[in-house]
Amino acid sequence: MPAAGTAPAGVTVPPRPPGSGPRTCPAPTSRRPPKPAAEDDRAAGAQHTRLSRRRLLVTAVGLGAAAGGGLIAGRLLSSEGSVPGGLPQGQPSTPVGGVTAGPSVQAGSVTKLPENLLTIYGAPGSFGNFDGGQTTVRVTEVPGWGFGPGQAAFNSAVSADGTVFMTTTPFSDDQSKLTGTDMEIEIFEPDIERFTRLVIPSTKGRLSLPRLDPNYRGVGGGDTSDVIVVPGPDGAQRVLFTSLMPYYGWNTAVDGELPSVGQLRRDQPTARWVYDPQVSWTAEQLATTASPSLAAQAFPPLTPLQPRSSRGPASIARLPRSGHLVIAQYLGAGGGGTDNGALLVVDSAGRVLAHWQYPQVRPLGIALVVNPREVVADPTSEPDDERFVLISDVRGLDYSTQPFPIQEFSYSASRGTITPCSTAVRAVQDGSRMESAVFGADGTLYVARTKSDGLHAETVAVYPKLGRERGLVTRAPATGNWPTDTWGIANQPDYLVAGTDQGGLVRSITLDPRTGAVLLAGLDGLVQVVRPAGRGARMTFRTEPPIDVGLNMLRGPSTRYVGVRRGAVDPLRRSLWLPVNQMVLDGLPWPYPPFKLDQWLMRVDLDVLLGDD
């Protein structure tokens, strides 16, 4: 029998009636959040033995970042957290986002690859078994294609002119274990097949920023975690990116700082996308726009010799009414403060408008650490009540991975406040995790989920908008002492989409705005289409068999991992772009000197995928 709250194969769970809770987000209150966990609680967690590499791998959080609170000042990368020789201690304080192998699906459940569906772009001679020309996949060699040493493809976005932007993550798939020397974002212009490796300079103009400590084998620079395309003040589009790890132990007085939030623009004379330092911001620059007390909380100074911490900007979304930017700060405050992350709102000029510290949660009296990982904005938001959802990574004080919840928030531009509307919820109390989310144009929320093993996809959860609210709020409002009384409760979705649990955990969930189809891509290279119909309490779903895009054709040595990451839809050119990365997770003991690995970008023809050609 299926577990409670799940559907048997081939069955879609019918809608449940709207709850009787509040119909609007609760108004902001002046109640102080609970105090952070006691120091002895944190100390107790540090005494636990090291988790195995396999146990870390199956967390599959997709971010890979230390949750120890102010990473550089914490135990992992500071001299206080080192073994003799200066390398990090082997403590289980670093969730890891990668997995080394994807699960298989039953024979006959995968659709044969259609002709003209896929094109893969990369460096000449880098396509493995695709180079033989015996497949239906088109291979396009792009001269000059190449990511920098230690940089793997990560998240993506696409601009109106068709340009694809890819952020980068270390080969370790863990931003606290960098494997490169710089900060970079990759740019591909498909119309002219031009690839640009754009290296981001520091405030002192440095392009290479190795860590000073020789035990780190020359690694340094920073990651680029998230990327979005937004309208610019001149009517042209801008590209915004965040860096969870913009500092890695160099001398900032000599080498300068890298941005926590960066911006790209089209250069008119050259028609190329370029970095714009005038509208890119370090933690210090953001802190100058806030009051001293807020700056100390949102961008804490860690030590006199280190820059302010940006607390790990992991995800960014543009709010549709105000145009302000909400950012998930993954890390804690450091310096003995809270280990929980926070939420930040800034405007297009980099002025801090709102900040919300995640309170200490103690469901059933058990303290947990919450690290905000993904924010997604509701396009149907109303003025002064701009909704967004947050998915967080969660661990216990013993560093055990807990099920990841989703939570709905409201931002008021006039009051400068961030308010939780729902408590943090799980779809079902079966250990499954909320993994990634996307909104439909009508405010329907689709949430990709992961089974408790951290490797396999669970059925997609759907929360439609019923009137002014979703069931996230009506059935589980953030009222009373929610961080203790209701945090982590089950909020059964209005629908669980049958047939979406066949492959690996979903790395990419996007939506085709022309058809409304939900597009899923798993870590094992399975692409699947879900076609919703109707709205609100009268929705149905048609789930199509997954298509294997053939990542095994690109796999090299068994010590390397090849997988897809978050894609981006270009509705005008009918394209789903999926970054395909190659990393070294278990092949070499970290740290190792930076070197290069091939990375790719895959185009899925939406007309072929959806049968509209």
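**Strand 30 and its partners**

I began with strand 30, which runs antiparallel to strand 32 (residues 547-548) and is joined to it by two bridges. Before going on, I noted that this is a predicted model, in which local features need pLDDT of at least 70, side-chain atom pairs count only at pLDDT 80 or more, and totals for chains, interfaces and linings use all residues. Residues are numbered from 1 along each chain as its sequence is written, and side-chain values use heavy atoms, with hydrogens and water left out.

For my own reference, strands are DSSP runs (E, at least two residues) numbered from the N terminus, and two of them pair if DSSP finds at least two bridges between them.

Which residue stands opposite Asp548 in strand 32? I found Leu526 there.

Next I looked at strand 31 (residues 538-543), which is antiparallel to strand 30 and joined to it by six bridges. Ala533 has Thr540 of strand 31 as its bridge partner. The hairpin of strand 30 and strand 31 has two residues between the strands, and Gly536 in the turn has a positive phi of about 60°.

On to strand 29 (residues 518-522), where I counted four bridges to strand 30, again antiparallel. Leu519 stands opposite Val529 in strand 30. These two strands also form a hairpin, with three residues between them, and Gly525 in the turn has a positive phi of about 85°.

I then checked burial, where buried means under 20% relative accessible area, exposed over 50% and partly exposed in between (1.4 Å probe, protein chains only). Strand 30 (residues 526-535) has seven of its ten residues buried, so it is largely enclosed by the rest of the structure.

**Strand 16**

How many residues of strand 16 (residues 386-396) are buried? I got eleven of eleven. Glu386, Phe388, Leu390, Ser392, Val394 and Gly396 point one way, while Arg387, Val389, Ile391, Asp393 and Arg395 point the other way.

Strand 15 (residues 368-377) is joined to strand 16 by nine bridges, with Pro372 opposite Ser392. Strand 18 (residues 406-412) is joined by six bridges, and there Ser410 is the bridge partner of Arg387. Strand 17 (residues 401-402) is joined by two bridges, with Gln402 as the partner of Val394. The hairpin of strand 16 and strand 17 has four residues between the strands, and Tyr399 takes a positive phi near 70°.

Strand 9 (residues 261-266) pairs with strand 10 over three bridges, and Arg266 has Trp273 as its bridge partner.

**Nonpolar cores**

Last, I checked the cores, each a set of buried Ala, Val, Leu, Ile, Met, Phe, Trp, Tyr and Cys residues joined through side-chain atoms within 4.5 Å. The largest has 37 residues, and Phe241, Tyr248 and Leu264 have the most contacts inside it. Strands that each supply at least two residues of this core include strand 8 (237-242), strand 10 and strand 35 (575-584). A second, separate core of 29 residues includes Leu117, Leu576, Val580 and Val604.
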